[in-house]
Amino acid sequence: MKKIIFGILSLFMSLNALVASQDESNLTFCQECTPPEKRFTITNFEALPKIRILDTSNNQSIAIRRYESNGISYYLVVDPQTLETRQLPVSQIHSSYGTASTELLTRYEENLIIESDPTDIGNQGVKCSNNRLKGVFLTIDMCQSRKEFEKLLFQRLSERESPISVGIAMTGLWAERNLPGIFNHAQEFSYLRSLNRHGKLKITWINHSYNHPYDPEQNDFSKNFLSTPGINFQEEVLSVERMLLSYGEAPSVFFRFPGLVSSSDQINTLNELGLIPLGSNAWLEKGEIPVDGSIILIHGNSNEPGGVEKFLKLLEENSEMKFNSLLDLFK
Ligand SMILES: [Zn+2]
């Protein structure tokens, strides 16, 4: 019996190896990116109440998380003007001076307060720029999927002479967890990080929850997605941050609700965590048409090929289309 199980396992592993080697022939891998076996170990991870700090170069930042990466203490900090996040070793901190809410609001803190209708659970948060900005904001969701990713999409995006800014909404289930019977997407995740590291794309990592719960049988959305009974919302958010940090990537201040379905409690929790909910007014698969300032939503996990097809057509017809960084949403 053991032999049979071993035989099946070997066959399964060699099939996986075959799939992997086929992938390798087509994908460029990132030598500089952290491979899964060399990931940083993130421990003692905790959310902070937005502590204002000065680093040793006298830059003001707002610390939103504290943790240890391979035993070294860090803060995850936000630049309150640019909204950029970075990992800052605690040793580079000059001083802290109170929680952010005790002093005048910075641009970052103002942007956290997103008008949302507590009675509406759909598409809350920022849906577009309100500042008549030329161009669009591209966001690509990577929910769990049993398919290979949209390779052609990422190839087309990375072909531009000046790299395109793109927000990629990442889930743990897509990036690193095996689903029964199929390989995970660790290699494709590595490929995306490779495009980022080599300046082919400018990626802002959006948090899309770790497990992205979804029950196709549940039509009452107030009990589906992250509102599924029993879901620990805060843990869903923080575990994606831990995952990204373990690969040496800084999570951004943006969160995309799975299915664009939220509750007012969850939006309040995001605000407390220092994160900004990101909706969309141009979900291409649903037939919404992007205009200047739109946040475009497509899926890069092959779950909505129709949206990707529309986007690639748009890209082809508008070779000069400007793709803004999500960090410029409030400019
Ligand atoms: Zn999703």
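In this predicted model, the buried residues of helix H5 pack against helix H3, strand S7 (164-170), helix H4 (172-175) and strand S8 (201-207). The residues of H5 that are buried comprise Glu188, Phe189, Tyr191, Leu192, Arg193, Leu195 and Asn196. Helix H5 consists of 12 residues, and the distance from its first C-alpha to its last is 16 Å, close to the 16 Å expected at 1.5 Å a residue. After H5 comes Gly199, which has a positive phi near 70 degrees.

Phe189 is located in H5, which spans residues 186-197. This residue counts as buried because 23 C-beta neighbours lie inside 10 Å, the cut-off for burial being 20 or more. Between the C-alpha atoms of Phe189 and Met170 the distance is 9.4 Å, with a sequence separation of 19 residues.

Helix H8 covers residues 305-317 and has 13 residues. From its first C-alpha to its last, H8 reaches 18 Å, close to the 18 Å expected at 1.5 Å a residue. Buried positions in H8 are Gly307, Val308 and Phe311. Viewed down the axis of H8, these buried residues fall within an arc of 95 degrees and therefore line one face of the helix. The face turned away from the buried side of H8 carries Lys313, Glu316 and Glu317, which are exposed.

The cover over the buried residues of H8 includes helix H3 (151-158) and strand S12 (295-299). Helix H3 is also among the elements against which the buried residues of H5 pack.

Conventions: Residues are numbered from 1 along each chain as its sequence is written. This is a predicted model: local features need pLDDT of at least 70, side-chain atom pairs count only at pLDDT 80 or more; totals for chains, interfaces and linings use all residues. Helices (H or I, at least four residues) and strands (E, at least two) are DSSP runs, numbered from the N terminus. A residue is buried if 20 or more other C-beta atoms lie within 10 Å of its own, exposed if 12 or fewer, and partly exposed in between; C-beta atoms are placed from the backbone. The expected span of a helix is 1.5 Å times one less than its number of residues. The arc is that of the directions from the helix axis to the C-beta atoms. Two residues are in contact if their C-beta atoms, placed from the backbone, lie within 7 Å.
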